[in-house]
Amino acid sequence: MDKYELQKLRDLPIEGVAERLGFQVKMHKCLCPFHDDHHASLSFKVSKNTYRCFVCGESGGPIDLVMKYLRKDFREACRWLADENNIILTEYKPEEDRPPKPFDASRYERFFERPWLNDEARKFLFEERHLDPRVVRWCRLTSWKDKQGVPWLQTPYYDREGKLIGVQNRNLVKGATPRFRFPQGAECRIYNLPVLNLLKPGETLFITEGCSDCWAMLSAGHKAIAIPSATLLKHKDAELLRELTSELQITIGMYPDNDTPGERLFLQLKDVLPNLIHYQLPLGNKDFSDYYVSMKRKEGDHG
Ligand SMILES: [Zn+2]
């Protein structure tokens, strides 16, 4: 209950509240319920929205009247008044009625203006995944350590116009949980939307599952976006992708993971994007990152 709601209750006309409680109000007066009254000793002051009994001295505003007459505590009296007058108190409102807190981009924007990679992040991105530093810079990946000294990789999500709409934090300690953390209101659904501005008609846009595969795809010279891993696309996002393919005259491709869930995701996507093209990973590679790393290792061996 906030102060505005409380004020609403305090502003309820005192005589109306008295009538709702069953008193018969005449000429701003009624029988006092707080003593054995036969002369309408309780009077109302409309200008101050209060009541007072000249005999027993009881006095107060609408909330006091309900508390005293119905023998309720403050909170109960407020609830009663709110119910009687169709006022919805914050404490009552079901979750879905309350607007979700929007993502506060201003809190995070500065982290991505000067991305900084700690040792753990450099190891993760360059030693383990062999990602192209230009891709890492373009994606503005940065890192930080929390109070416990846990290193996190921080990935910004932008919309097509380059506005920051979400942040994904990835725990860089192997096997640690939770692996991902998102600030409140972060919209981390389709990753790398700004790449759409670079597409030329006829080009292929790849869809990957998760950011890691997307970075590998970009490092391999493809244009790619990512959808959250193992999650089906939201209807709104599928709609967006459908519109884009026709608007930009591009084709959409996917290297499904080399397992049953991977193929299932492909079929689910193909349902909403009928033109989705299936690319086959060579046997022995579980996902595109895996494939990309094995290619890089081979290059290293020959170079
Ligand atoms: Zn009285």
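## The largest pocket

Helix 11 gives the most to the lining of the largest pocket, with five residues. This is a predicted model, in which local features need pLDDT of at least 70 and side-chain atom pairs count only at pLDDT 80 or more, while totals for chains, interfaces and linings use all residues. Residues are numbered from 1 along each chain as its sequence is written, and side-chain values use heavy atoms, with hydrogens and water left out. Helices (H or I, at least four residues) and strands (E, at least two) are DSSP runs, numbered from the N terminus.

The space in this pocket comes to about 780 Å³. A pocket here is an open set of points on a 1 Å grid over the protein atoms alone, with protein on both sides within 12 Å along at least five of seven lines, and a cavity is a set of points where a 1.4 Å probe fits but cannot get out; lining residues have an atom within 4 Å of a point. Grid points are joined across faces, edges and corners, and a volume is the space filled by probe spheres set on the points.

The lining of the largest pocket counts 36 residues, and those nearest the pocket centre are Arg170, Arg179, Glu209, Gly210 and Ser212. At least two lining residues come from each of strand 6 (151-158), strand 7 (164-171), helix 8 (211-219), strand 10 (223-227) and helix 11 (288-302). Sorted by class, the lining holds 15 charged, 13 nonpolar and eight polar residues. The classes are nonpolar (Ala, Val, Leu, Ile, Met, Phe, Trp, Tyr, Cys and Pro), charged (Asp, Glu, Lys and Arg) and polar (the others, Gly among them).

## Ser212

Ser212 sits in helix 8 and is one of the residues nearest the centre of the largest pocket. Ser212 counts as buried because its relative accessible area is 15%; buried means under 20%, exposed over 50%, and partly exposed in between (1.4 Å probe, protein chains only). Not counting residues up to four places away in sequence, Ser212 touches Arg129, Arg170 and Ser289, where contact means heavy atoms within 4.5 Å.

## The largest cavity

The structure holds one cavity of 30 Å³ or more.

Strand 9 (204-209), helix 8 and helix 10 (260-272) each supply at least two of the cavity's lining residues, and strand 9 gives the most, with three. By class, seven of the lining residues are nonpolar, three are charged and two are polar.

## Nonpolar cores

The largest nonpolar core has 49 residues, and the members that touch the most others are Leu125, Leu141, Leu153, Tyr191, Ile207, Trp215 and Phe288. Helix 8 supplies the largest share of this core, six residues. A nonpolar core is a set of buried Ala, Val, Leu, Ile, Met, Phe, Trp, Tyr and Cys residues joined through side-chain atoms within 4.5 Å. A second, separate core of 25 residues includes Ile14, Cys30, Leu65 and Leu81.

With neighbours within four places in sequence left aside, Leu153 is in contact with several residues, including Leu117, Ala121, Phe124, Leu125, Leu141, Arg170 and Trp215.

## Cysteines

A search of the whole structure finds zero disulfides; a disulfide is a pair of cysteine sulfur atoms within 2.5 Å. The closest cysteine sulfur to that of Cys188 is in Cys211, 7.8 Å away, which is too far for a bond. Cys188 is buried, with a relative accessible area of 15%. Cys53 is also buried, at 2% relative accessibility.

## Loop residues

Asn49 lies in the loop between strand 2 (42-45) and strand 3 (50-53). Its phi is near 60 degrees, a positive value in a residue other than glycine. Asn49 counts as buried, at 15% relative accessibility. Gln249, in the loop between helix 9 (235-248) and strand 11 (251-254), has a positive phi near 50 degrees. At 55% relative accessibility, Gln249 counts as exposed.

His28 is placed in the loop between helix 2 (14-20) and strand 1 (29-30). It is partly exposed, at 42% relative accessibility. Leaving aside neighbours within four places in sequence, His28 is in contact with Glu15, Leu42, Ser43, Phe44 and Val46. The C-alpha atoms of His28 and Ala40, which are twelve residues apart along the chain, are separated by 9.6 Å.
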